[in-house]
Amino acid sequence: QVQLVESGGGSVQAGGSLRLSCAASGNTVSVFCMAWFRQAPGKAREGVARINTRRSSVNYGLTHYSDSLKGRFVISQDSAKTAVYLQMSSLKPEDTAIYYCAAASACRVDWADPDDYDYWGQGTQVTVSP
């Protein structure tokens, strides 16, 4: 089992920045990829970004982003701490959502499919005001 704990959410005005953190614990050796998703009220869960966290993989550090968010959001990792981060800049009111950290035991082709992830955090609220 892998436990994921997000932090760093909060309220910010449009144009501001936030940095989300996700700390992984437990059987983290089983994790190959970690990602951020978000879900706004009444909407489906949406993939934000993914990063390959397996140091032995040739794709270690490889990232994928939602086309609509690329350039404003950056995913990164600290392998020593088994943590991933999401730096969000130039935030817009439409970025308001609960942001979830997810981990997968394999880095599957469709990185933005929530069904491909084995573990989830509890989520952290991000609210962007106009």
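V2 stands opposite G26 in strand β3. This is a predicted model, in which local features need pLDDT of at least 70, side-chain atom pairs count only at pLDDT 80 or more, and totals for chains, interfaces and linings use all residues. Residues are numbered from 1 along each chain as its sequence is written, and side-chain values use heavy atoms, without hydrogens and water.

**The sheet**

Strands here are DSSP runs (E, at least two residues), numbered from the N terminus. Two strands pair if DSSP finds at least two bridges between them. An open sheet holds 4 strands in the order β1-β3-β8-β7, with antiparallel pairing. β1 (2–7) and β7 (73–78) are at the edges with a single partner strand each, so one side of each lacks a neighbour in the sheet. From one strand to the next, the twist averages 20°, taken between axes fitted to C-alpha atoms, with angles from 0 to 180 degrees between N-to-C directions.

| Pair | Sense | Bridges |
|---|---|---|
| β1 and β3 | antiparallel | 6 bridges |
| β3 (18–26) and β8 (83–88) | antiparallel | 6 bridges |

L20 has L86 as its bridge partner in β8. S21 stands opposite Y85 in β8.

**The cores**

A nonpolar core joins buried Ala, Val, Leu, Ile, Met, Phe, Trp, Tyr and Cys residues through side-chain atoms within 4.5 Å. Buried means under 20% relative accessible area, with a 1.4 Å probe and protein chains only. The largest nonpolar core has 29 residues, and L86 is among those with the most contacts inside it. Elements giving two or more residues to this core include β1, β3, β7 and β8. Another core, of 6 residues, lies apart from it; A35, F37, A104 and Y117 are among its members.

Conventions: Buried means under 20% relative accessible area, exposed over 50%, partly exposed in between (1.4 Å probe, protein chains only).
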